[in-house]
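Let's walk through this one together. Have the sequence and the 3D view open while you read.

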Amino acid sequence: MSVSRPAPAETFDAPPQPPLRTYQVRTFGCQMNVHDSERISGLLEGAGYVPADGAEADVVVFNTCAVRENADNKLYGNLGQLAHVKETRPGMQIAVGGCLAQKDRDTILAKAPFVDAVFGTHNIGALPALLERARHNDAAQLEILESLEVFPSTLPTKRDSVYSGWVSISVGCNNTCTFCIVPALRGKERDRRPGEILAEVQALVDDGAIEVTLLGQNVNSYGVEFGDRGAFAKLLRACGSIEGLERVRFTSPHPAAFTDDVIDAMAETPNVMPQLHMPLQSGSDKVLKDMRRSYRSKKFLGILDRVRQQMPHAAISTDIIVGFPGETEEDFQATLDVVEQARFATAFTFQYSKRPGTPAADLPDQLPKAVVQERFERLTALQDRIAAEENAKQVGTTVEVMVTAASGRKSEETGRLSGRSRDQRLVHFSVPEGAPVPRPGDLVTVPITSAAAFHLVSDPASAADYSLRRSRAGDAWDRAQAESCGVPAPAAEGARAGVSLGMPVLPPRR
């Protein structure tokens, strides 16, 4: 008796999946732009893109700045370099966003017609849709909004660091400084509610971060929008109650609105770091008036005095503009005098650049380039000397350093690692023979053995002079490294699941 057998089922090979599209974000400008680029990366990864990681990217996004005079030259130079690459790579896309896109709009497409998408500071979240629309329609897409569409912090985020992160507390600015184009491009100040900010801080801490920097164009005016002028000091104190958060920083305040309750909160909240960035811009009262900076040099120095009364070892940094229209030699000398008195740990110095659309661009007495350059060199020489003297005072002290992933330029020669002290000074340190090597995010306590103008050095004589504290942030670094290699890593003991800060979307078509 024969038994019939069913014919074997016919098998089909699954069609090959198209490769994922890759992206690269190139960032120019301030901390706000850096933070926006984290949002851009998060949006693209949420839409199914993956980082290019050194290879030629399918999508290149320029996140631009409009503050400096050569910002547009830098952008168009970079775009020009990509024009030929795009010709040889069908399907490649280029997008331009940020402050210069908000300002120039149609000019970008007129100068670089091969750009696929242009978006502004108020609609970062539109980028994936603009790229998809440009590909579908085979035409460039321009979308610039005049006011904020979605608060950026509600968008998904790809953080640059697992051990520290930016948290935006406000966007925009209500000041009218005559040299600054930011209010025109970022809009009026919009404040987040404290609960939203603290929830994002908590999410970062839950994911392993031990340091956050509160970010805004003018952080100490935070709360004015919802009627609480003491809101920023309260926010600092509230950050002090978040378990596991070891370092809190903020940038940037404005001297005109900086109040003693903020100084008190800094001094009385243990995890708020003894570091302050306080923009001076000029030491001349006449120039400050012309800049519409509503404080004078005496008030500025008084703030520094009160900070140091409560935090004697605080490191204070600043911004200074040289060569503002009408600045005389006497005005410039006043700036040198304030810098000498202020004893800044660091100063970010800039030559005045004429920006179309700002009141200062139309002021008389624009200074010759040679005069501005000569003054700039005198100022930087003075500040370099002061920074070296202030850093030299650190020699012989012992500091706690949070280890960073980036090392110094000479790290291969010296064998040193790098990190930041509590007051934000850069420290290059060596690990004594036989001592455990830290991970990024771990904390080491080391003696300062030498100093230069821009960094401190620690070469402990023996393991007895070196102490390592392994941290939750170091554990997070290990997990991130394992995940990037496709290897699962256990969560740190007591760690909660990560918190998503955005909505997932469908991957893009190839």
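## The whole chain

Keep in mind that this is a predicted model. The chain runs to 510 residues, and 51% of them count as buried. You'll find 15 helices and 21 strands in it.

Look at contacts with a separation of 6 or more: 74% of them join residues 24 or more positions apart. As for the surface, the chain exposes about 24000 Å², with carbon and sulfur atoms supplying 53% of that.

## Helix α1

Helix α1 takes in residues 31-46. From first C-alpha to last it reaches 23 Å, close to the 22 Å expected at 1.5 Å a residue.

## The annotated cysteines

An unreviewed UniProt entry carries a "binding site" annotation covering C173, C177 and C180. C173 sits in the loop between β8 (170-171) and α6 (182-186), and C177 is in the loop between β8 and α6.

C173 has 10% relative accessibility, so it counts as buried. C177, at 10%, counts as buried as well. Which residues do they touch, leaving out those up to four places away in sequence? For C173 they are P183, G187, K188, E189 and Q217; for C177 they are M291, R292 and R293.

Notes:
Residues numbered from 1 in each chain as written. Predicted model: local features only at pLDDT ≥ 70, side-chain atom pairs only at ≥ 80, totals over all residues. Heavy atoms only, no water. Helix = DSSP H or I, 4+ residues; strand = E, 2+ residues; numbered from the N terminus. Buried < 20%, exposed > 50% of the residue type's maximum accessible area, 1.4 Å probe, protein only. Contact = heavy atoms within 4.5 Å. Areas by Shrake-Rupley, 256 points an atom, 1.4 Å probe, with all protein chains shown as cover. Expected span 1.5 Å × (residues − 1). UniProt positions renumbered as here; feature names shortened; annotations may be inferred.
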